[in-house]
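Colleague: Please show me the structure, and then we can go through some questions about it.

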Protein chains: 2
Amino acid sequence: MSDLQEFSKNTAREVEAVLDKLLPQASAEPKWLHEAMRWSTFAGGKRFRPLLVFAVGALFDVPKTRIERTAAAVEMIHTFSLIHDDLPAMDDDDLRRGQPTCHIKFDEATAILAGDALLALAFKAIADDGALETDIRLQLISELAEATGTPQGMVAGQQLDILSENKEIDAADLERIHLHKTGALIRFSARSAAIAAIASEADLAAVTEFATQLGLLFQITDDLLDATQSTDVLGKTAGKDEERRKSTYVSLYGIERASELAGETKAAAVASLLHFAERADLLRQIAESTLSRTA
Amino acid sequence: MSDLQEFSKNTAREVEAVLDKLLPQASAEPKWLHEAMRWSTFAGGKRFRPLLVFAVGALFDVPKTRIERTAAAVEMIHTFSLIHDDLPAMDDDDLRRGQPTCHIKFDEATAILAGDALLALAFKAIADDGALETDIRLQLISELAEATGTPQGMVAGQQLDILSENKEIDAADLERIHLHKTGALIRFSARSAAIAAIASEADLAAVTEFATQLGLLFQITDDLLDATQSTDVLGKTAGKDEERRKSTYVSLYGIERASELAGETKAAAVASLLHFAERADLLRQIAESTLSRTA
């Protein structure tokens with residue numbers, strides 16, 4: 001197992017333990033709602049965003065106790081966004097990580113509410129985080145809310161994405177969608193650990209630039225996987241982008257050029273790490289493995 | 001115009017000005033989303049929760065600058081909950097305050113996203129509130145998240161409400177639903193101003209008890225209005241409760257006994273104000289006017 005694989009596995013285990021503590025027990029009322037929240041939260045996600053929180057934390061030698069709740073909060077926000085994006089009125093997906101999506105396993109009303117509850121809980125998790133100074137908690141809450149909402153965040157990106165369906169959009173539009181839809185939360189994940197580390201402005205800027213490029217890379221490879229892999233391999237319905245006539249890096253550039261673009265974006269991500277020299281090896285590995293991922 | 005009417009009108013104007021500043025401009029992208037958020041936020045609500053924030057603020061002589069953002073945040077959470085509750089998968093309402101609901105005026109995906117964005121923005125509004133000490137902002141965010149989510153908050157109440165449809169439930173179940181569904185946010189509204197005032201434990205307890213009774217009163221009168229008033233008067237579809245076979249104070253107790261219960265609950269609310277003697281006149285008037293409201 002590579003260093004990154006081991007780090008990633010440990011991170012997933014640790015963040016899942018924190019999530020288990022923070023989420024309401026399935027035995028508490030309303031059970032149906034809490035089961036739905038837990039179903040989607042513990043459905044075997046890659047924990048890519050918590051990994052990024054912990055990897056940036058490691059770069060700055062931050063004690064894990066200072067970042068583990070924020071990592072869990074980011075994963076709650078990510079899970080909420082998947083639940084709502086999968087709804088019939090949105091992307092209408094029945095399958096996620098090889099399992100029925102929340103509104104299929106439970107029902108649509110419960111899926112909406114489970115998403116809402118995870119969204120609120122994420123902010124409470126940070127507000128109550130006794131390991132962080134009060135001003136740092138507030139900065140994290142403010143930035144997380146911005147990364148979640150509109151006009152700078154994920155919700156804005158999802159809206160732009162929906163509005164772009166069945167339309168011709170150009171490369172700048174596509175990048176704008178993804179800087180919001182996936183980029184904002186990935187950027188926050190990286191920044192949050194630097195903020196908890198009370199990093200210098202220069203360090204924070206380098207981390208932010210790295211995460212911006214990594215977020216784009218993540219999206220380009222996502223589009224490539226949707227176009228080239230089977231539903232079985234992805235654990236979610238493949239070929240959805242073409243079916244919904246979505247503009248993607250593949251539809252705009254073709255598979256070959258999109259693959260090249262992925263390589264160039266990875267190089268840009270790695271270049272932003274020069275600032276940290278060899279201290280950033282783990283982040284470099286994350287960029288490499290994002291480029292070569294198969295699911 | 002009574003003192004309360006004037007206070008209420010001024011509060012609505014002031015909170016709407018703050019909301020206008022905090023919400024993204026309709027001219028910013030994605031416009032469609034921001035228009036939807038503004039449509040539902042400025043659809044002519046009574047601003048009952050901000051009124052409660054400001055009235056408790058007045059009781060403790062808190063400068064309005066210390067509570068106006070929290071009042072706006074509460075109204076954002078309330079608006080988010082209305083947008084999501086009106087969705088086809090939930091209460092499926094086409095009409096709210098005499099106007100098409102968000103998913104009718106815009107579309108279902110946009111309504112889901114507009115609600116999500118308002119939810120995130122509410123926490124940002126408080127996190128960025130420079131008028132409050134950092135520890136107070138964190139307490140407000142934590143309590144607001146709890147009042148919004150589950151197991152203690154509004155989302156839990158909505159889930160319990162949905163699960164109770166077409167079922168026989170008893171008085172204790174009904175009260176539990178409403179202590180969560182409407183009660184939690186009303187309780188937070190009152191508490192938030194006391195917290196901003198750095199009120200004593202005894203004062204905070206009295207305010208909390210008042211708001212708990214006021215929340216129940218609000219729900220009993222809501223049920224009475226749904227059963228007795230026309231769609232035209234209410235600005236929302238009347239008679240929905242019976243149509244959906246919901247257990248309400250009217251279905252459980254009948255109109256006569258439910259009206260008596262409203263009077264008794266008002267009396268309990270007013271009794272909790274004895275602690276403040278005549279300083280609480282405005283809150284007393286709010287309880288009276290909630291009992292006698294016609295819309």
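Modeller: The copies meet through the same surface, because 100% of the interface residues of chain A are also interface residues in chain B. Contact here requires C-beta atoms, placed from the backbone, within 7 Å. This is a predicted model, in which local features need pLDDT of at least 70, side-chain atom pairs count only at pLDDT 80 or more, and totals for chains, interfaces and linings use all residues. Residues are numbered from 1 along each chain as its sequence is written, while chains are lettered from A and ligands numbered from 1 in the order in which they are written.

Colleague: By what turn can chain A be laid on chain B?

Modeller: Superposition is by least squares on the C-alpha atoms of residues with pLDDT of at least 70 in both copies. The RMSD is 0.0 Å and the shift along the axis is 0.0 Å, with a turn of 180°. The copies are therefore related as by a two-fold rotation axis.

Colleague: Which residue of chain A has the C-alpha nearest the axis?

Modeller: The distance from the axis to that C-alpha is 3.0 Å. The residue is Thr134(A).

Colleague: Are α7(A) and α9(A) roughly parallel or antiparallel?

Modeller: Helices are DSSP runs (H or I, at least four residues), numbered from the N terminus. Helix α7 (residues 134–148) and helix α9 (residues 171–196) of chain A pack at about 170°, their axes 9 Å apart. Angles over 145 degrees, on a scale from 0 to 180 between N-to-C directions of lines fitted to C-alpha atoms over the stretch in contact, count as roughly antiparallel. So α7(A) is roughly antiparallel to α9(A).

How values were computed:
Helix = DSSP H or I, 4+ residues; strand = E, 2+ residues; numbered from the N terminus. Parallel < 35°, antiparallel > 145°, perpendicular 65-115°, else oblique. Contact = placed C-beta atoms within 7 Å.
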